[in-house]
Amino acid sequence: MNTNGFGTNILVLDGKNWDRWSAVMKSLFEECIQRIQEERLQALFYIQQNVDAHHFEKISKATTSKEAWDILESYHDGGEKVKHVKLQAFRKRYETMQMEEDQKVSDYFSKLLEIVHQMQTCGENVTDQMVVEKALRSLSPIFHYIVVAIQEAKDIRTMKPEQLQSSLEAHELTILNRNSERLNQQALQAQTFKKEGNDKNYNKKDECWFKNNGEGNGNEANVAEGKNPNSVLMMAKTCDESGKSDELYLDSGCSNHMTSHREWLTGFDNSKKTIIGLADNRKLAAEGTGNIVIRTKNGVKVIIGDVLYVPDMNCNLMSIGQLVEKGFSVTIEGDSMKLFDARKNLVLKSMLSKNRTYKCSISSDSLMCMSATMSEDVEALWHKSRASVALRVIHSDICGPFETPSLGGSKYFITFVDEYTRMLWLYTVKLKSEALNVFKRFKILIEKESDKSIKILRTDGGGEYTSKEFENIRISQGIVHEVTTPYTPQHNGIAERRNRTLLYMARSMIKQKALPHKFWGEAVTTAAYILNKCPTKKLKIVTEEAWCGRKPIVKHLKVFGSLCYKHVPDARRTKLEDKSEIMILIGNDEKVDSTMFRKMVGSLRYACNSRPDICYSVSVISKFMHDPKKPHLIAAKRILRYLIGTQDYGLLFPCGTSNEGCTLVGYSDSDWCGDITDRKSTSGYVFKFNNVAISWCTKKQPVTALSSCEAELLQGALQHSRNVA
């Protein structure tokens, strides 16, 4: 016998007492099952008693505690898809969250950590470093200085969010104390001005209250704040009225850069005007904004943007806060202040003056080195320098290589863009070395279409455009080749932007339809085809209309990657097989005027009576008279151009003599599966009498030859039937 937790003696099975042992075990199992059921019912009872009436309705039909728990869990937490949707919403709130101007640090961190906790609940792994970095880059502008100090002095990778919060709260308390002291000083200063009762003497050197205190000279600066919330805060400088200063004051309380030197500003915009308020209730007018170009000692040029032009000011102010917003950084070490650009290049260095301000003297020549020496109508002059006729300037660029070759094995595509009409031509190539041949084809095509010649070709400095052979062709054709400066794709911006747009469109089309990457060639070709039928900002008409003078047809356009059906000819299917095959649309063919095309083909067929050399070409385009496309029309025009260039060609029938004999010679040949549509072969023959062609024919064979030998036999039968005739 054995004793366990049931409080009874359990018989041990020894092989001789099976009946008795099994009966005892069944009784114990029934007791255990009963206990488990009682515990489950008790757990279900606890869940039902601790929910409100609304939730009780949801679990009222549950028979077990697990079933009730699963219902509540799916209702509140949802499945994996619901969690993913919630996580996307929390991510958006997390990424777009910014600290408000009047928001406290504690409130901001509470909202931030609440969103982080919700993201972690949905399975997102958000580390302390990510939270700290997010908080630093989303603080209000008043904390930019402390952010720079924290990034320089502390290791952000090991910092905790609560440590950052305590540091920012201490800085917040310091700012609040300073603001209260500044308001008191401003009120006292306003009362002083009121007692004097004369605003005209405020800028006079001999009456400056700061100078009379004996702590500095009258040419230094004070800090003043405007009372009008819509005005611009500035630092008022007390100096002589005899002239304007060439010094720049670095000011942490000034909200915008300001200068009284109009000649320093480039890209001046007189439409951006504002009012500047002073602490003594005076107001100054800003007549516009511009940029100041500073050249450092090592030759680096730095642009200070959004500088207000204030003619009535006698000083020049540089806002530290505005510089920080633009990516600059400021450090103060000892009695010097240093200004660095985004690449950590030293731009300015200023020493602490007697009245505890930072100023620096900059040569006006260095500032004016890139000033606007052009006339006020700079934009008009710039547009006049652009091409005014088609083919005056062609922009070209090569994009690639692509990791996945296209259906034709290409890894690059070349674009040519006409600067005036913005017409785009695109070619896919396997190697960059094919650029020369592509340019030859492109040049012949567009010059024949437009009856104009290319004047200027603008490309980058790639080897495909700077080879010796390319240079020889350019010189022989009288084309000026403009090569852009290395590492400055902006100089060839038209081609670069077109390539970027083509890639964006191709990527979207492939991703939308979940097509393999090998269709990128067809996607960029379709994108170029669509762009030529769309208007641009420069043109008031569609690009294709500007190029050829007629409005394009767009009713034939279909969605890229959509399902389509290809007709199966009767000769290639049985009676019960489908008449069409399911395909995927990866391109668009533009329809043309079928009536015009039929008239053109009819004229060409009549010309075949005296020009047998065009019989085959005319017979090929004749197959598409029922539904011609643009490529068919281009082929027909090419035949016409060939006829115009070979008007002196024809059949010659010389006068024979009686001494000459009569000689009849026939020639025949055929290809094998030459027709890409139905894979039928084409037969042809010509008969000459005394070396003069008297009969000829080119005809597609009625059946599909299974071998080249069969195709030759069919050709021989055709020729012999003509011999007998």
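## Lining of the second largest pocket

By class, 22 nonpolar, eight polar and 17 charged residues make up the lining of the second largest pocket in this predicted model. The lining comprises 47 residues, among which Trp425, Leu445, Glu449, Lys630 and Ile634 lie nearest the centre of the pocket, and the pocket has a volume of about 1700 Å³.

Two or more lining residues come from each of strand 17 (424-429), helix 13 (435-450), helix 16 (520-531), helix 17 (543-548) and helix 20 (630-645), and helix 20 gives the largest share, with seven residues. In terms of domains, at least three residues of the lining are drawn from each of domain 4 (390-548) and domain 5 (594-653 + 662-721).

## The five-stranded sheet

Strand 17, one of the elements that line the pocket, also belongs to an open sheet of five strands, whose order is 17-16-15-18-19 and whose pairing is mixed. Strand 17 and strand 19 (480-483) stand at the edges and each has a single partner strand, so one side of each is left without a neighbour in the sheet. From one strand to the next, the twist averages 20°.

Within this sheet, strand 15 (residues 393-399) and strand 16 (residues 412-418) run antiparallel and are joined by six bridges, with Ile398 standing opposite Ile414 in strand 16.

## A helix across the sheet

Helix 15 (residues 493-513) lies across strand 15, strand 16 and strand 17, and runs at about 45° to strand 15.

Key. Residues numbered from 1 in each chain as written. Predicted model: local features only at pLDDT ≥ 70, side-chain atom pairs only at ≥ 80, totals over all residues. Heavy atoms only, no water. 1 Å grid on protein atoms, 1.4 Å probe; cavity = no way out; pocket = protein on both sides within 12 Å on 5 of 7 lines; lining within 4 Å. Points joined across faces, edges and corners; volume = space filled by probe spheres on them. Helix = DSSP H or I, 4+ residues; strand = E, 2+ residues; numbered from the N terminus. Nonpolar A, V, L, I, M, F, W, Y, C, P; charged D, E, K, R; others polar. Domains from an automatic or database assignment. Pairing = 2+ DSSP bridges. Axes fitted to C-alpha atoms, helices over the stretch in contact; angles between N-to-C directions. Contact = heavy atoms within 4.5 Å.
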